[in-house]
Amino acid sequence: MRSALITIGDEILIGQVTDTNAVWIAQQLNELGVQVGEMVTVSDEAGQITSTLDRLIGSFELLIMTGGLGPTRDDLTKQTLAAYFNSKMHTHPEVLEKITTYFKERGRSMIESNLMQADVPEACRVLMNNHGTAPGMWFEKDGTILVSLPGVPYEMKGLMEDKVLPELSSMIKVPEVVHRTIMTQGVPESYLAALLRDWELSLPECVKLAYLPRPGIVRLRLTVVDKCAGKAEQILDVIIGKLLDIIPQHVFGYNDISLEQSLGDLLRERGLTLATAESCTGGKIAGMITSVPGSSDYFTGSVIAYDNRIKAELLGVDADLIENKGAVCREVVEQMAKGVSSHLGTRTAIATSGIAGPDGGTEDKPVGTTWICVSNGDKCYAKKYRFAGNRDRIIIQASNTSLQLLRRLLLNNL
């Protein structure tokens, strides 16, 4: 089954809101074996919606449309679909009852626009929304199924999981597809592709590889399709084993695990504690670590030593060293790591000092220059990096690299 996704909303077209719905829906359809052939975003205008439907209906077996089902005047999807399918609007009694109950339970009074959310085209099959007030709608025309869903992510996901995906599963012969994602850090996509060229060329025909980069991290997604799916796990185990022989130092986990989760699991497994001393990363590393539930098992705290006075007074960094060599050097991050570990009583530590930009760079230390130190007891390792990009990208790259560097130190893989 081939599908297309339609997102409706001027707020997306002007860049005010990011369309996360289409990405999530595509992931769910992919797991179901439904191919997504196109994604399109259109404005809240009847003509735009209609012309998009004219182009896609008959070309795809499934269209999933999100947005435009709210109670305000700019939400035109229902009326447009009613006109498109030559259908009258009517008040759906079950939806009306559900909306009435929804507001009563919350102690809120309804206004006319809320009641109008119970109005749907007669041509649709209503999908009851257990997560909000706007119902989903299911249409069929010229061999194409059109599903219209609310744009609110929580409501859309609820309707997809409760109604749409189960029904699609019962309707289609789902080809067996097995995915495995390998998480890598520390090597850019182009260099990684060059390193893995021979490995990639040796992949069986039934195995597809995708490089999925983001700042500091590249995900390698391996997909085994129908004809090999029965032996997928065995095939993938062999392929990944060969991959680990080539880039063992860059792999930190599988199936979209985050670096902070991967490091946290290792710290917990070994009964270790961690503190961070951050200058250029400004608390980003600590924020990533504490985003993981249960991180209090191993994370003690952080000192954001942005000012050189804090480096000296709180972390014990030699003030003369900073004066003579500057804050961005090996010796400073080594002393920062030692100081924070001592003050907060941890076995392991991460320290960063660098120039995130856009100003502050020099010929000797251009923007992006970052020293990172990781320590585990008496073991200490410091390294200089030159990260590229804007300020945000430099900070996230430095943070990801710091987490991976400590992980590698603990695994004796430096």
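This is a predicted model: local features need pLDDT of at least 70, side-chain atom pairs count only at pLDDT 80 or more; totals for chains, interfaces and linings use all residues.

Student: What makes a space a cavity and not a pocket?

Tutor: A cavity is a set of points where a 1.4 Å probe fits but cannot get out, whereas a pocket is an open set. By that rule the count is one cavity of 30 Å³ or more.

Student: Which residues line the largest cavity?

Tutor: Val95, Lys98, Ile99, Met128, Asn129, Gly132, Thr133 and Pro135. By class, that lining has four nonpolar, three polar and one charged residues. Gly counts as polar by this scheme.

Student: How do you know which residues make the contact between α2 and α7?

Tutor: Contact means heavy atoms within 4.5 Å. On the α2 side that picks out Asn21, Trp24, Ile25, Gln28, Leu29 and Leu32. From α7 come Pro153, Met156, Lys157, Met160, Glu161, Leu165, Leu168 and Ser169. Sorted by class, the contact of α2 with α7 has nine nonpolar, three polar and two charged residues.

Student: And the pockets? What is the volume of the largest one, and which residues are closest to its centre?

Tutor: The largest pocket has a volume of about 630 Å³. Its lining has 19 residues, and Gln27, Asn30, Glu31, His179 and Arg221 are the closest to the centre.

Student: Which element gives the most to the lining of the largest pocket?

Tutor: That's α2 again, with five residues. At least two residues each come from α2, β2 (35-42), β9 (178-185) and β11 (217-224). The lining of the largest pocket divides into eight nonpolar, seven polar and four charged residues.

Student: What about the second largest pocket: how much space lies in it, and which residues are closest to its centre?

Tutor: About 500 Å³. Of its 24 lining residues, the closest to the centre are Gln185, Gly186, Val187, Pro188 and Gln397. Two or more residues each come from β10 (207-214), β11, β17 (379-386) and α16 (391-410), and α16 gives the most, with six residues. By class, the lining of the second largest pocket has ten nonpolar, eight polar and six charged residues.

Note on methods: Residues are numbered from 1 along each chain as its sequence is written. Side-chain values use heavy atoms; hydrogens and water are left out. Helices (H or I, at least four residues) and strands (E, at least two) are DSSP runs, numbered from the N terminus. On a 1 Å grid over the protein atoms alone, a cavity is a set of points where a 1.4 Å probe fits but cannot get out, and a pocket is an open set with protein on both sides within 12 Å along at least five of seven lines; lining residues have an atom within 4 Å of a point. Grid points are joined across faces, edges and corners, and a volume is the space filled by probe spheres set on the points.
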